[in-house]
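Q: Could you take me through the nonpolar core of this model, and then through the parts around it? I would like the cut-offs along the way, please.

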Amino acid sequence: MARLSRVLPLVACLLVFVFSATPTLSILTDGRAKITQQSTSLNDGVDRTYVVLLEPPAHLHAHDEAAHRRWHESFLRPGARADGRDPPTIRHSYTGVFSGFAAKLTVDELAAVSRKRGFVRAFPERRGATHDDAHAGVPRAGRQAGRLERDQLRRGRGHRDSGHRPHRLAPSFGDEGMSPPPGKVEGLLPVARQVQQQACRLGLLMGGNDTTDNVGHGTHTAGTATGALRGRRVGVRAGQGHGSRNRAGRAPGHVQGHPHRVRRPATAARRPPHLSNEAPWILTVAAGSVDRSYRATVRLGDGEAFDGESLTQDKRFSAKEYPLYYPRDSNYCDVFDVNITGKVVLCDTETPLPPLSSIEAVQAAGGAGVVFVNEADFGYTIVVEKYFNLPMSQVTATDGAKIMGYARAGPPSAAAPLNATILFNSTMVHVKPAPIVAAFSSRGPNVASPGVLKPDIMAPGLNILAAWPTMVPVDGDTESYNYNVASGTSMATPHVTGIAALVKKVHPDWSPSAVKSAIMTTSSAVDNAGHPIMDEEHRKASSYSIGAGHVDGAKAVDPGLVYDLGVGEYSAYICALLGEAAMKTITGNGNLTCAAVGSIPEAQLNYPAIVVPLSDKKFKVKRTVTNVGPAKSRYTAHVHVPKWLKVKVEPEELEFEAAMEKKTFTVTVSREGDGGQLAEGSLHWKSEDHLVRSPIIADARVVQR
């Protein structure tokens with residue numbers, strides 16, 4: 001079949017820039033090379049790969065790459081090194097997203113580079129855990145190689161994921177058994193060489209030309225993105241192709257004049273709660289659950305049952321009940337001083353995933369099965385991975401406490417011993433409530449810029465089934481798998497990547513900010529039961545947890561109105577927040593000045609969400625929307641906020657006579673009464689065909705700048 005010859009390379013290239021939530025980068029500042037030596041191998045004579053960020057040169061044309069490379073080479077010492085080795089050379093010269101270069105340097109050589117005029121920062125290569133659940137204690141099959149990260153001031157950064165192994169992933173990346181593509185869609189994958197060549201060309205910063213995925217993370221995220229493009233049809237517009245719930249495209253999140261690049265999604269981070277990727281030109285993605293459960297119900301001898309989850313589905317185990325054992329003295333199941341042969345063992349955990357050591361200990365002692373009680377901090381979030389050769393179930397801390405109470409009470413009589421079994425119901429769909437916020441997804445507010453809502457959006461990130469490279473073991477198993485279940489904000493981000501690619505495909509002339517606005521304003525704030533989305537404790541989720549809401553790919557292609565932004569507005573925002581020097585570095589344009597671009601306070605940025613100080617004093621913000629729906633349209637404002645918060649929208653109606661026409665309105669917010677330190681609501685612009693929703697957050701912690 002034909003291929004998605006234009007869309008796939010875009011998605012593949014964009015997936016190269018999947019970012020972790022918490023920066024792991026060492027930063028060199030103040031014009032001096034400050035390096036913390038983490039091992040004895042990092043001595044002055046040993047070189048290491050760095051990406052060196054430079055001030056954009058005003059005397060060079062942006063497209064003169066040869067001149068840029070010569071200028072970058074001027075930062076390196078000529079001639080052989082003292083030990084006779086060849087001098088350092090430029091491994092890559094960057095002129096598009098930022099100005100800088102990659103090179104292998106010793107500490108002394110880096111110090112010399114840092115003393116030269118134009119040096120800003122240096123980013124060393126660092127190997128770290130994959131950026132989905134490692135921070136939350138989730139073990140992965142390997143570690144991610146050579147990741148580039150960025151500092152808290154959100155400088156531009158590139159990053160290669162762990163690679164792809166498409167020729168071994170035919171079941172996921174192929175198009176066997178698929179119906180013919182509709183309309184303008186030219187076919188379904190396989191990505192194979194096309195993805196490998198196009199996507200990884202962007203990421204060859206650190207590790208040569210090998211794009212093999214020896215970790216699994218890159219294949220999993222790419223597979224999710226691929227699923228977005230080949231997935232279910234969502235009734236976009238006739239002849240315009242195919243939608244999905246999964247992934248989207250994005251480009252480097254540096255602020256530059258690239259009007260047709262797609263917005264870059266980035267992970268919203270994991271615990272601890274304060275997120276990264278706060279810049280307004282980044283689409284920051286939180287992680288939520290899906291309406292699917294790998295059900296493993298724990299049924300006690302008294303008939304009470306508790307729904308847990310497990311990827312190990314051994315239905316033969318459910319045929320009878322087993323004695324229940326709860327090790328009261330050492331309830332983490334590492335060592336057993338009693339005979340547990342043939343028993344179901346109840347164990348606590350201190351991590352989101354049960355430790356493999358406990359599973360092995362139960363197996364070695366002859367246990368028939370195991371029930372793991374989730375850590376309390378994770379609430380109703382159950383993170384599953386594949387375990388083998390032992391029937392098991394993971395239950396919430398709340399349900400676990402009830403099972404423990406049953407075990408502690410002892411048998412009511414000799415004729416009614418303490419028994420339990422696990423009922424495996426395979427995969428259940430349409431589970432309610434869903435989505436809920438995953439416990440590992442970090443929360444706002446935006447510390448760097450409190451007037452900009454973060455995260456922006458929520459997408460599926462809990463227990464996501466996607467492609468897996470066959471040569472990468474799953475939890476130490478020697479069997480090969482084409483698919484695997486993984487969790488994290490890394491799994492949520494590609495869902496939005498796919499949707500952004502879809503929107504960009506349908507509207508190729510839209511700016512990145514318009515794509516972002518469409519995704520945010522068409523999202524849903526309610527779950528599949530019709531109630532407000534909840535967090536992991538089953539409390540109403542804050543906008544600081546879900547952003548505008550849960551992504552809806554079907555609606556994002558037809559938002560009606562968009563809040564647009566360009567390089568000029570972003571530059572003025574940076575001037576107000578960080579000053580002119582930061583603006584020049586972040587935009588990559590040394591000729592720009594704050595006097596020329598102006599200054600825009602964060603609350604006045606034309607963002608699809610409104611965050612203002614909570615005060616008795618009236619606070620007014622201005623927004624401008626662009627009509628991307630029917631030429632003749634009329635929208636009416638509807639405000640949904642707590643009674644003690646007063647919100648006035650002027651004008652209350654917007655009437656459009658043409659496509660791409662712009663209209664400006666103001667929103668004035670003030671407190672009337674004592675309702676707390678935080679008020680959340682929304683502004684709805686309604687027409688006959690569209691509902692354009694923007695969150696309104698009034699927060700006493702936000703101060704006017």
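A: Happy to. The largest nonpolar core has 67 residues, where such a core is a set of buried Ala, Val, Leu, Ile, Met, Phe, Trp, Tyr and Cys residues joined through side-chain atoms within 4.5 Å. Buried stands for under 20% relative accessible area, exposed for over 50%, and partly exposed for what lies in between, with a 1.4 Å probe and protein chains only. W281, F336, V345, V362, W510 and I519 have the most contacts inside this core. Helix α9 (residues 489-506) gives the most to it, with 7 residues. Helices (H or I, at least four residues) and strands (E, at least two) are DSSP runs, numbered from the N terminus.

Before going further, please keep in mind that this is a predicted model: local features need pLDDT of at least 70, side-chain atom pairs count only at pLDDT 80 or more, and totals for chains, interfaces and linings use all residues. Residues are numbered from 1 along each chain as its sequence is written, and side-chain values use heavy atoms, with hydrogens and water left out.

Leaving aside residues up to four places away in sequence, V345 touches Y325, P327, C333, F336, I340, V362, G369, V370 and V371, a contact being heavy atoms within 4.5 Å. One of these partners, C333, forms a disulfide with C347, and their sulfur atoms are 1.8 Å apart; the rule for a disulfide is a pair of cysteine sulfur atoms within 2.5 Å. C333 lies in the loop between β11 (322-325) and β12 (344-348) while C347 is in strand β12, so the pair ties together parts that are 14 residues apart in sequence. The link of C333 and C347 is left-handed, with -100° about the S-S bond, and both cysteines are buried.

By this rule the count comes to 2 disulfides. The other sulfur pair to look at is C575 and C594, whose sulfur atoms are 2.0 Å apart. C575 sits in helix α13 and C594 in helix α15, 19 residues apart, and the pair links distant parts of the chain. The link of C575 and C594 is also left-handed, with -95° about the S-S bond, and C575 and C594 are buried. With bonded cysteines counted along the chain, the pattern is 1-2, 3-4.

After α14 comes G588, with a positive phi near 75°.
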